Each structure stands twice: as C-alpha cells, then as structure tokens.
Amino acid sequence: MVTRTRFDDSECPVARSVDAIGDWWSLLIVRDAFDGSRRFGEFQRSLGVAKNILTARLRTLVAGGVLESVPASDGSAYREYVLTPKGEALFPVIVALRQWGEQNFFAPGEPHSELVDRRQGNRLRTLEVLSADGRPLNPDDTTVHKVSAQ
C-alpha cells in the first residue's frame, strides 16, 4: 500500500491546506455542509459515497477542526456535523471552485446549479483577487514571498 505524502510541516500554505482537506470527497462534504447537510445519512445520500469512505473523511475533517460533531439538534441519539469557524472560512474557496466550474465545464445554456444571494436572489459577482489598495490582480502581478520565523 502506498503511504500518503503529508504536507503538515510544509512552508507552503497551499500544500498545508490541501493536506487538511485531503481530497475531492472532503471538499464535497464541506460544500454540502454549506448547503445545509448535517447528518451522516444526508451526506451519504447527496454524495453517493461509500459509508467507510464518508466515515473516514468526516473523521479527518473533525480532527482537522473543519467540522465539529455535535449532538443532534432534535434531541435524538444521532450526531450532526457542523462547520467550525475554520470550516466556514472555506466559503470563498467553495465559491471560487463553483465559479471556475461554471466558467470552464458547462456549455452555454447547459443546466447546472448556481449560488445566489439569499436576500436578493441574484447570482454572486465573480470573485476577484485584489491588491491591498483594491486593484484587480492577475498571476503576473503577484509573487511568493517567504515569511521568516518570528
């Protein structure tokens, strides 16, 4: 069996983030949590993932502080999974992936889901990367700067 490479001590924030999320199942679990799924069965029905894989991914997300396992809100013996502040901070990542997917993987007019502003019902504005002074930036406008240990 191949051992998974870990990046929890990497100097790269992208590598550490990917290490914490793990794989596509984990991102889809987080997406579903934003969409209101809370119980194991809800995630399983939505994703169609094998129960053992879902169990492992939920454990990893809880251990990583992305989700928290809490008593069921209806007082039953079930547990529910809720996003922590760390998990909620993934919202722009999920929105960016959704918008990238809409722009690159659907033909014009092809049916798909879309994220809308709950209050006004409008589609969201496309996310932009902005400088500290508000200028739109593209990849050529940025560079990676190493932060020294303090």
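Which residues are linked in a network of salt bridges? Arg38, Arg39, Asp74 and Glu80 are. This is a predicted model, so take what follows as a tour of that model. The chain comes to six helices and two strands, and buried residues make up 23% of its 150 residues.

**Overall layout**

- Going along the sequence, you get the pattern α-α-α-α-β-β-α-α.
- Along the principal axes, the C-alpha atoms fill a box of roughly 50 × 45 × 30 Å.
- Take the contacts between residues at least 6 apart in sequence: 36% of them join residues at least 24 apart.
- UniProt, in an unreviewed entry, lists residues 12–109 as "domain: HTH hxlR-type".
- Over that stretch, residues 12–109, the chain is 60% helix and 10% strand.

**The nonpolar core**

- The largest nonpolar core has 16 residues. Those touching the most other members are Ile29, Val30, Phe43, Leu54, Leu58, Leu61 and Leu67.
- At least two residues of this core come from each of α2, α3 (40–47), α4 (51–63) and β2 (79–83).
- Val30 is a handy place to start looking around. Leaving out residues up to four places away in sequence, Val30 touches Leu61, Val66, Leu83, Leu90 and Ile94.

**Helix α2**

- Which residues of α2 are buried? They are Ser26, Ile29, Val30, Asp32 and Ala33.
- These residues lie on the same side of α2, because they cover an arc of only 160° around the axis.
- As for partners, the buried residues of α2 pack against α1, α3, α4, β1, β2 and α6.

**Helix α6**

- Helix α6 takes in residues 91–104, 14 residues in total. From first C-alpha to last it reaches 20 Å, close to the 20 Å expected at 1.5 Å a residue.
- Buried in α6 are Ile94, Val95, Gln99, Gly101 and Glu102.
- Why do they end up on the same side of α6? Because the arc they cover around the axis is only 160°.
- Part of what covers the buried residues of α6 is α2 (24–34).
- Gln99, one of the residues in helix α6, has a relative accessible area of 9% and is therefore buried, the cut-off being under 20%.
- Setting aside residues up to four places away in sequence, Gln99 touches Leu124, Arg125, Thr126 and Leu127.

**Salt bridges**

- How many salt bridges does a search of the whole structure find? It finds nine.
- Asp23 and Arg57 form one of them through their side chains, at 2.5 Å from N to O. This pair links distant parts of the chain: Asp23 is in the loop between α1 (13–21) and α2, while Arg57 is in helix α4, 34 residues apart.
- Is Asp23 buried or exposed? Asp23 counts as buried, at 18% relative accessibility.
- Asp74 and Arg39 both belong to the network from the opening question, along with Arg38 and Glu80.
- Another salt bridge joins the side chains of Arg123 and Glu114, at 3.3 Å from N to O. Glu114 is partly exposed, with a relative accessible area of 41%.

**Before α1**

- Asp9 is found in the segment before α1.
- With a relative accessibility of 63%, Asp9 counts as exposed, because the cut-off for that is over 50%.
- Asp9 and Asp19 are 10 residues apart in sequence, and their C-alpha atoms are 9.8 Å apart in space.

Definitions and conventions
Residues are numbered from 1 along each chain as its sequence is written. This is a predicted model: local features need pLDDT of at least 70, side-chain atom pairs count only at pLDDT 80 or more; totals for chains, interfaces and linings use all residues. Side-chain values use heavy atoms; hydrogens and water are left out. Helices (H or I, at least four residues) and strands (E, at least two) are DSSP runs, numbered from the N terminus. The expected span of a helix is 1.5 Å times one less than its number of residues. Buried means under 20% relative accessible area, exposed over 50%, partly exposed in between (1.4 Å probe, protein chains only). The arc is that of the directions from the helix axis to the C-beta atoms. Contact means heavy atoms within 4.5 Å. A nonpolar core is a set of buried Ala, Val, Leu, Ile, Met, Phe, Trp, Tyr and Cys residues joined through side-chain atoms within 4.5 Å. A salt bridge is a side-chain nitrogen of Lys or Arg within 4 Å of a carboxyl oxygen of Asp or Glu. UniProt positions are given in the numbering used here, feature names are shortened, and annotations may be inferred rather than shown by experiment.
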